[in-house]
Amino acid sequence: MSYSIENSIKGKVCLITGGTKGIGKECARQMAKMGAKVIVIGRYEKGLNEVEEELKLSSPESVAIKADISSLAEIKEMFLQVKNRFGTVDVLVNNAGTNRRTKAIEVTEEEWDTIINLNVKGAFFCSQEAAKLMDPGKVNKIINISSQYGHVGSSNRSVYCTSKGAVELLTKSLAVEWAPHILVNAVAPTFIETELTKELFEDEKTRKNLLERIPLKRGGTVKDVVGAILYLASDLSNMTTGSSLLVDGGWTAGS
Ligand SMILES: NC(=O)c1ccc[n+]([C@@H]2O[C@H](COP(=O)([O-])OP(=O)(O)OC[C@H]3O[C@@H](n4cnc5c(N)ncnc54)[C@H](OP(=O)(O)O)[C@@H]3O)[C@@H](O)[C@H]2O)c1
């Protein structure tokens, strides 16, 4: 039999935080098309209803649940619903994340808390709750969506870089602690055209500057990132844990 990501994802319970837009939404779509039971998390009813309707066309058991991932109480309540409905989680994609571009000297406590509470605290406690539901007799997967800025620093992104650097070491720490039944890896993209980066790509000068720094001379697409997530979610990556797969077109490869 030939190797197949699709066969390995079919029938799995896959939970994606921040699955109403961008990378998370495309990941949910692809997993549902492969026959996974997909759970999508977001904060707003409209986006959740739309994505749930779409996912059900390919995978009728898929569901969208409202939760703010920066709140531990909401994470716990969401996982209670997941437990009651599915009993388990096979794959968790910690994708919900946010960024603000601010000079370090001007960062406020509110900004710090917003970014760190979602990108770091949210990913940690979703992993903790998912781990409680994962079957110790199976190979389960956690995939953290990090960034190239978890590997290198950047001006005006000190809090975001701090958060993604933390995600990188969270990935390694959980990989060591939860082996062998939970494999934990990260995907670290460069600039991908989504709502999070819309403003940057719309500004011609910024766009040009960004593309000059990427050896492959293009911005990433959601397909580039989802491809990496699907690989790490599948059994083709079952000897890989604690790693970070850069999807950065070579940004961090040079100086
Ligand atoms: N785009 C890039 O260039 C890029 C590059 C490197 C890494 N990343 C990382 O990739 C991930 C996804 O980015 P993206 O560009 O796809 O973002 P996006 O288009 O802004 O989508 C973010 C998703 O997260 C959800 N979300 C935001 N805050 C949330 C909260 N407090 N609780 C629950 N859900 C929340 C949003 O849904 P609601 O608004 O409905 O809640 C949405 O579904 C992030 O971790 C980001 O840091 C992105």
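How far is an oxygen atom of the ligand from an N or O atom in the side chain of Tyr-160? The distance is 2.6 Å, and that counts as a polar contact, meaning a pair of N or O atoms within 3.5 Å (inside the protein, one must be able to donate a hydrogen and the other to accept it, and residues adjacent in sequence count only if both atoms are side-chain atoms).

Okay, some ground rules before going on. This is a predicted model, where local features need pLDDT of at least 70 and side-chain atom pairs count only at pLDDT 80 or more, while totals for chains, interfaces and linings use all residues. Residues are numbered from 1 along each chain as its sequence is written, and side-chain values use heavy atoms, with hydrogens and water left out.

Thr-194 has a polar side-chain atom 2.4 Å from a ligand oxygen, and a polar backbone atom of Ile-69 is 2.9 Å from a ligand nitrogen. On its own the ligand would expose 890 Å², and the protein buries 95% of that; those areas come from the Shrake-Rupley method with a 1.4 Å probe, and for residues only the protein chains shown count as cover.

Who is around it? There are 29 residues around the ligand, and Thr-20, Arg-43, Tyr-160, Ile-192 and Thr-194 come nearest. Near here means having a heavy atom within 4 Å. By class, that shell has twelve nonpolar, twelve polar and five charged residues. For the classes, Ala, Val, Leu, Ile, Met, Phe, Trp, Tyr, Cys and Pro are nonpolar, Asp, Glu, Lys and Arg are charged, and the others, Gly among them, are polar.

Now, the space itself. The ligand sits in the largest pocket, in the sense that more than half of its atoms lie within 2 Å of the pocket's grid points. On a 1 Å grid over the protein atoms alone, a pocket is an open set of points with protein on both sides within 12 Å along at least five of seven lines, a cavity is a set where a 1.4 Å probe fits but cannot get out, and lining residues have an atom within 4 Å of a point.

This pocket has a volume of about 1200 Å³, where volume is the space filled by probe spheres set on the points, joined across faces, edges and corners. It is lined by 46 residues, and Ala-96, Gly-97, Thr-98, Asn-99 and Leu-196 lie nearest its centre. The biggest giver to that lining is α2, with four residues; helices (H or I, at least four residues) and strands (E, at least two) are DSSP runs numbered from the N terminus.

The largest share of the cavity lining, four residues, comes from α5, and the lining splits into six nonpolar, five polar and one charged.

Most residues other than glycine have a negative phi, and most peptide bonds are trans. Asn-156, in the loop between β5 and α6, has a positive phi of about 65°. Then the bond from Ala-179 to Pro-180 is cis, with omega near 5°, and Pro-180 is in the loop between α6 and β6.
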